[in-house]
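Subject: Structure handover

Hello,

Here is the structure I promised you. Please open it alongside this note. My findings follow below.

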Amino acid sequence: MHMKSTIIKVAGTALLLAGMGGLLLAFASTPEIDGASAGNALALLGGAVLLIRSRKK
Amino acid sequence: MLVDSVQVGTISPPTTEPQPLWRIAGLAGLLAAELLVISARTPHIALQDVPGLPGLVFSLGTWKVRILVTLAIISLLVWQSRGKRNLGRLSEWPVGTGIAWRWLLAHLAVILLFAGLTSLLFENRLQGLAADILVVGWVAAGAAAVVLAACAFLPAAFWRALLRGTGDVWAYVLVLGVGACVLAAYATPIWNPLAHWTLMLAWMLLRPFVPGLSADPSSMIFGTHAFSVQVAPACSGYEGIGLILAFTAGWLWFFRREWRFPRALLLIPLGVAAMWVFNAMRVAALVLIGVAGAPGIALQGFHSHAGWIAFNVVALGTCLAARRISWLTTAGSVGTWPAERSEPNPAERSEPNPIAPYLMPFLAILAAGMLAGATSNGFEWLYVLRVAAAGAALWYFRDSYRTLDWRVGWPAVALGGLVFVIWIGLEPLAGSVRTGEPSALAHASALARMAWLAVRVLGAVITVPIAEELAFRGFLLRRLVSADFESVAWRAFAWAPFLISSIGFGLMHGDRWLAGTMAGMIYAFAMLRRGRIGEAAAAHAVTNALLAIYVLATGNWQLW
């Protein structure tokens, strides 16, 4: 049980590490991802995720 | 007074004791303002290529936003699962009397020293031992200023309790933050090989359709005699891969109880692979558009918008598809949406999504804007797409809006005018350059010009205000008060939702974030005053109408 808990913690940490590493990469200044459109694109994604997750109470 | 006239069930009863979180917010505000003033006068680039510690300061400076954002996100994630209870207890900490003014004066003295050292360091390109000593003193002064300000706003005992209460979370956050930075830094060398494979895949995708197509791996030039592009290492799809990595990892982490691990981790490589393929398709489509005779669209609108479109498609496609694969999910847990539950209830299938009427018009504008931008050659001729998309969404959900209060009073008109004055007044802070009428529009036929202007004004005055007010005031402001946002009264006021929804609205306006935030607060006030969404939409419409008149009368087209 303890072993399983440790594995889950390590996997969770690795997951966070991968995600944050990805985020840092995404901040690199490259033309394929236009910074000026970032707000709109992320708002669209966030809104769509909210729609997917929402439910009738 | 607004606060006296509304109630929010989730907010603690008023207390005369100052809350620690308010003190922390004040501390953060003071430090941010000081940093803004000092950094605005700092020529950071001056330290580029300077050897020793000043050069290190420059290198870290280029990463500072990334490091801060990363640390902030990791802190939120970790505290969300580990430190929330302790932070809850700390929010009840007895702050004591007022701010410790002696500590604050000491802070101000040290921050002046820090500003002087900043000027000395960044404006003189010093080198050698003296420069290294200066850097050490500069860092020490900055750290001392932060500690003194922290002790001025809250007693040292509070900070000790905060450190103890959050246990090893601090170390965890730091290790993860530094690890993520190292990972990102050392991943850079694989840009070149990735760009090579991107080029090859794009060539394979396009070869059957475009005669005379060539792809030179040495120069990375891809295209035909008529139109070609150079695929730079940065165009390898790296940024999109980074974004999808962050999105997928965040999705799995937040909803970890809904996934079967370790098999759900497969979503990460699958998402990355899909993003890379989409990026190759983006490069191929760019060349195809150029070869087809629209190089302007290929190199301008499509080039800058297609990356975000691909990211959104892959991110949403991945999470939508994965939620429907029972092999990846724990039984019955995924699918808060009735149609996705393991044992669907036929009666619930017909239940409408409660947030769709509030969000869909706004999301339709965003999606249509991305498509219109991707097909533009520097001027958005297809602005009509935004109006049509929002109009269609508003029409589709028209029955839901009948229950909302759309009545409007004169104060809303005055508030809209106030926002217009603030918007114009703050324009110099946005750093925009005055631009005249776009040449594409100026040289168009009179009919086309008038039609485009009519649609642009229609969008600004009708569809955009309604869609944005439904999303930010009708939904987000109330959703931040309670997850069951439909039960939140339209006049319910709480500071955090009021500020967060307004800042979110402000950030949507890019360089005009400050004016946008103030506008968001005023529109929220307009709605909360009488509990009518119509007041906010009308105020917003008045602002946009005045802006349209101002743009057309003065030629300040940068405001559009």
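How many of the 560 residues of chain B count as buried? The share is 44%, where buried means under 20% relative accessible area, exposed means over 50% and partly exposed lies in between (1.4 Å probe, protein chains only).

Some ground rules. This is a predicted model, in which local features need pLDDT of at least 70 and side-chain atom pairs count only at pLDDT 80 or more, while totals for chains, interfaces and linings use all residues. Residues are numbered from 1 along each chain as its sequence is written, chains are lettered from A and ligands numbered from 1 in the order in which they are written, and side-chain values use heavy atoms, with hydrogens and water left out.

The two chains

Chain B has 21 helices and three strands. Helices (H or I, at least four residues) and strands (E, at least two) are DSSP runs, numbered from the N terminus. Chain B exposes about 28,300 Å², and carbon and sulfur atoms supply 69% of that area. Accessible areas come from the Shrake-Rupley method with a 1.4 Å probe; for residues, only the protein chains shown count as cover. Take the contacts in chain B between residues at least 6 apart in sequence: 73% join residues at least 24 apart. Contact means heavy atoms within 4.5 Å.

Chain A has 57 residues, and 51% of them are buried. Its secondary structure is two helices and zero strands. The accessible surface of chain A is about 2,900 Å², with 70% belonging to carbon and sulfur atoms.

Two packed helices are described by the angle between their axes and the distance between the axes. Axes are lines fitted to C-alpha atoms, for helices over the stretch in contact, and angles run from 0 to 180 degrees between N-to-C directions.

Start with α13 (residues 356-374) and α18 (residues 446-479) of chain B. Their axes come within 8 Å and cross at roughly 135 degrees. That makes α13(B) oblique to α18(B). Angles under 35 degrees count as roughly parallel, over 145 as roughly antiparallel, 65 to 115 as roughly perpendicular and the rest as oblique. The crossing is left-handed, meaning that the near helix is turned anticlockwise from the far one by less than a right angle; clockwise would be right-handed. Their contact has 12 nonpolar, two polar and two charged residues. Ala, Val, Leu, Ile, Met, Phe, Trp, Tyr, Cys and Pro count as nonpolar, Asp, Glu, Lys and Arg as charged, and the others, Gly among them, as polar.

Next come α19 (residues 495-507) and α20 of chain B. Their axes come within 7 Å and cross at roughly 135 degrees. So α19(B) is oblique to α20(B). This crossing is right-handed. The contact residues divide into 12 nonpolar, five polar and no charged.

B:R532 sits in the loop between α20 (513-530) and α21 (533-554) of chain B. B:R532 counts as buried because its relative accessibility is 12%. B:R532 touches B:D405, B:R407, B:A526 and B:M527, not counting residues up to four places away in sequence.

B:V542 is in helix α21 of chain B. Leaving aside neighbours within four places in sequence, B:V542 contacts B:V413, B:G416 and B:G417. B:V542 and B:V419 are 123 residues apart in sequence, yet 9.0 Å apart in space, C-alpha to C-alpha.

B:M220 lies in the loop between β1 (214-216) and β2 (221-223) of chain B. Phi of B:M220 is near 60 degrees, a positive value in a residue other than glycine. B:M220 is buried, with a relative accessible area of 12%.

Best wishes
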